[in-house]
Amino acid sequence: MAATAETVDQVQDNSGDKYKYGFVTDIEMDTAPIGLSEDIIRFISAKKEEPEWLLDWRLQAYHRWLEMEEPTWAKVNYPKINFQDIYYYAAPSTKEKPKSLDEVDPELLRTYEKLGIPLREQEVLAGVVAVDAVFDSVSVATTYKGKLEEVGVIFGSFSEAVKTHPELVRKYLGSVVPASDNYYATLNSAVFTDGSFVYIPKGVRCPMELSTYFRINAENTGQFERTLIIAEEGSYVSYLEGCTAPQRDENQLHAAVVELVAMKDAEIKYSTVQNWYPGDETGKGGIYNFVTKRGVCRGANSKISWTQVETGSAITWKYPSCVLQGDNSVGEFYSVAITNNAQQADTGTKMIHVGKNTRSTIISKGISAGKADNTYRGLVKILPRAEGARNYTQCDSLLIGDTCGAHTTPYIESRNPSARVEHEATTSRISEDQLFYCRQRGLNEEDAVGLIVNGFCKEVMKELPMEFAVEAQKLIGISLEGSVG
Amino acid sequence: MSLLEVRNLRADVDGKEILKGLDLTINAGEVHAIMGPNGSGKSTLSYVLAGRDGYEVTGGEVLFDGKDLLEQAADERANDGLFLAFQYPVELPGVAGMTFLREAVNSKRRHNGEDEIDAMGFLKLVRAKAKTLGISDEMLKRAVNVGFSGGEKKRNEALQMAVLEPRMMVLDETDSGLDIDALKVVAEGVNAMRSPDRGILIITHYQRLLDYIVPDKVHVLADGQIQRSGGKELAVELEKKGYAEYIGAAA
């Protein structure tokens with residue numbers, strides 16, 4: 001933690017700019033020709049030395065995608081994306097995948113150090129977290145593999161898992177988010193390049209936090225990662241992802257898919273700290289973050305918990321969801337979404353209650369400043385067999401200034417009369433009284449806003465793994481810089 | 001040199017002149033009380049000293065320790081050692097009392113070029129001070145002022161004061177909303193802070209608080225000016241005769 005926090009501070013101090021991770025790493029890259037076609041998909045698949053079935057799966061998705069239309073129901077505005085103007089594959093050029101960190105390009109290691117993510121194992125958060133680092137399209141390094149293998153945990157890049165555990169990948173890929181699920185998920189299915197793969201065997205409690213850091217570096221490059229986490233019966237895992245990107249005038253597309261499978265009595269805790277480049281004050285540049293995340297509680301008494309702190313991206317379109325299939329299974333969604341300047345976020349969750357006595361909790365905190373728009377969109381669906389299902393939803397919005405917007409769009413569909421669904425919503429603003437009170441106690445304006453906003457988000461922040469909570473708190477302060485006064 | 005020197009201070013709120021040439025000198029070690037009728041400018045004076053937005057100074061000057069106070073932002077004044085105990089302490093939902101205190105202490109330390117306080121030392125310091133004010137650990141964990149009774153809020157202000165150890169304390173109607181027991185506890189807290197290098201300014205409508213915190217000097221504020229100054233006996237006189245003659249003078 002110390003190293004991470006220090007770097008955050010350092011980067012914050014050195015840079016006059018508001019976005020702290022906007023630098024570009026100059027490194028030799030392998031890229032596919034620009035644009036999207038069957039040939040590009042074959043190129044990606046060949047680069048990754050994939051089996052035939054996976055190429056077929058990609059191509060099927062691609063043909064399906066060609067017939068689909070971009071969704072327009074979200075409350076976000078952006079110019080039409082030209083999908084032929086994107087590079088679908090970019091990787092640091094090395095002849096072979098590095099076998100150890102010593103073989104990784106030192107420039108890359110320096111990049112991750114700059115980001116506050118030292119990959120050298122002895123430095124990685126004092127041994128409590130294992131990290132997989134994804135640079136543009138490929139995974140560059142995974143730490144602590146050996147220690148995890150001892151207990152049977154598989155953690156590494158998706159491409160590697162395709163080679164070493166093809167039976168697992170084939171069984172679960174697309175089992176939660178089908179290749180035809182939605183426009184962006186289908187695109188991802190066709191062109192995904194890498195991501196993380198996690199398998200926790202029966203009865204194993206993963207001995208450390210697993211973490212992936214995603215970094216988009218190359219220009220005009222889309223990042224399409226795919227993450228698959230399987231928790232077998234009675235197992236437990238806590239996983240965290242972090243994301244940053246350089247500051248560029250063009251918009252960059254990020255369309256990821258995350259699938260979680262929790263068997264009987266298993267628990268998956270999935271946390272995200274999303275800090276993609278948000279664009280400048282006028283809305284120029286920034287990442288389009290169109291992400292599909294879904295988990296299925298397949299077995300009885302299983303639990304999936306999503307925690308997200310969304311501070312970056314020009315546009316966030318993201319609804320981490322839970323399908324509560326197993327009886328007594330539990331789904332949770334804790335979200336903080338901050339939008340400043342011209343950022344737009346349309347985010348929320350879906351809780352699909354299938355099994356008996358399934359329970360879900362949704363706590364959403366939206367903070368809006370500048371000219372930003374922040375929408376909570378959620379669906380709670382109780383199916384006929386979900387006897388005794390319960391949901392509690394709380395959506396709170398905080399406005400800073402008078403040119404931003406907060407919107408709440410909850411959908412509730414109940415087809416079982418024994419279900420209980422509760423929804424609470426509030427909207428408030430940071431008052432001048434609160435700011436003055438903090439400043440009279442010596443806090444400067446930005447620290448005061450950070451403190452008040454962190455207080456507002458407390459119920460969500462306490463769900464984050466300890467090691468990342470401090471970093472996330474600072475990030476909230478940084479994202480709101482310049483939002484008052 | 002005096003600790004706080006207010007010279008011919010004039011200030012507007014919403015375009016209306018509230019302070020109309022106020023003079024006040026407080027030396028280190030002294031406790032002053034300003035008494036006055038409603039609308040005389042008592043709260044405005046405290047906010048102008050603390051640097052609240054919306055209180056526009058139109059004339060005069062204020063020196064704090066010889067430095068131009070009015071030049072500085074609210075947080076700089078606080079970090080230099082000016083503390084305002086609020087008449088209505090503000091709620092900060094989700095912000096634990098401990099966290100708030102630590103932020104305040106560290107802001108001051110950074111301002112003075114010192115390292116941030118270590119967690120254990122801080123905890124010990126706060127617990128010791130809290131105990132004398134009858135503040136429980138549980139209350140320190142709760143969000144600042146959220147769901148606090150009037151007495152709890154004022155004790156919490158006294159705790160912040162005790163931990164931050166300001167050079168100059170301004171107490172704005174600290175007695176309002178307090179029952180007699182709470183008043184005693186808070187007064188004891190303030191009295192414990194009397195010291196030869198600290199100045200205290202008590203702003204109050206009633207003499208009641210001054211039975212417990214005995215001032216060195218008492219001033220009558222009416223119509224934006226100090227109308228009369230005297231010793232502690234002036235407070236007793238005011239309690240008997242009221243403010244009628246000063247309101248008359250102003251009119």
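Predicted model: local features only at pLDDT ≥ 70, side-chain atom pairs only at ≥ 80, totals over all residues.
**View 1. Chain A in outline.** Start with the overall picture of chain A, which has 12 helices and 24 strands. Of its 485 residues, 63% are buried. Take the contacts in chain A with a separation of 6 or more, and 83% of them come from residues 24 or more positions apart.

**View 2. The four-stranded sheet of chain B.** Here four strands of chain B line up as an open sheet in the order E2-E1-E4-E5, and the pairing is antiparallel. The edges belong to strand E2 (16–26) and strand E5 (67–68) of chain B; each has a single partner strand, so one side of each has no neighbour in the sheet. Strand E1 (residues 4–13) of chain B runs antiparallel to E2(B), and eight bridges join the two. To pick out one of these pairings, look for B:Leu4, whose bridge partner in E2(B) is B:Ile26. Helix H1 (residues 42–50) of chain B lies across E1, E2 and strand E4 (55–64) of chain B, and runs at about 110° to E1(B).

**View 3. A salt bridge between B:Glu17 and B:Arg10.** Now zoom in on B:Glu17 and B:Arg10, which form a salt bridge with their closest N and O atoms 3.1 Å apart.

**View 4. The six-stranded sheet of chain B.** This open sheet has six strands of chain B in the order E6-E9-E10-E3-E11-E12, with mixed pairing. Strand E6 (82–85) and strand E12 (225–230) of chain B sit at the edges with a single partner strand each, so one side of each is left without a neighbour in the sheet. Ignoring direction, neighbouring strands of this sheet are turned by 20° against each other on average. Strand E3 (residues 31–35) of chain B runs parallel to E10(B), with five bridges joining them. B:Ile34 has B:Ile203 as its bridge partner in E10(B). Helix H8 (residues 233–241) of chain B lies across E3, strand E11 (217–222) and E12 of chain B, at about 115° to E12(B).

View 5. B:Arg198 is in the loop between helix H7 (180–192) and strand E10 (199–204) of chain B. Leaving aside neighbours within four places in sequence, the residues in contact with B:Arg198 include B:Leu3, B:Ala28, B:Gly29, B:Glu30, B:Met169 and B:Met193.

**View 6. B:Glu165 and its backbone.** B:Glu165 lies in the loop between helix H6 (150–164) and strand E9 (168–172) of chain B. Check the backbone here: phi of B:Glu165 is near 45°, a positive value in a residue other than glycine. B:Glu165 is partly exposed, with a relative accessible area of 45%.

**View 7. A salt bridge between strands of chain A.** A:Glu413 and A:Lys381 meet through their side chains in a salt bridge of 3.9 Å, N to O. A:Glu413 lies in strand E23 (residues 405–414) of chain A and A:Lys381 in strand E21 (residues 373–382) of chain A, so the pair ties together parts that are 32 residues apart in sequence. A:Glu413 counts as partly exposed at 34% relative accessibility, and A:Lys381 counts as partly exposed at 22%.

**View 8. A salt bridge between helices of chain B.** B:Arg127 and B:Asp137 form a salt bridge, with the closest N and O atoms 3.1 Å apart. B:Arg127 is in helix H4 (residues 119–132) of chain B and B:Asp137 in helix H5 (residues 137–141) of chain B, 10 residues apart. At 41% relative accessibility, B:Arg127 counts as partly exposed; B:Asp137 does too, at 36%.

Key. Residues numbered from 1 in each chain as written. Chains lettered and ligands numbered in written order. Heavy atoms only, no water. Pairing = 2+ DSSP bridges. Contact = heavy atoms within 4.5 Å. Axes fitted to C-alpha atoms, helices over the stretch in contact; angles between N-to-C directions. Buried < 20%, exposed > 50% of the residue type's maximum accessible area, 1.4 Å probe, protein only. Salt bridge = Lys/Arg side-chain N within 4 Å of Asp/Glu carboxyl O.
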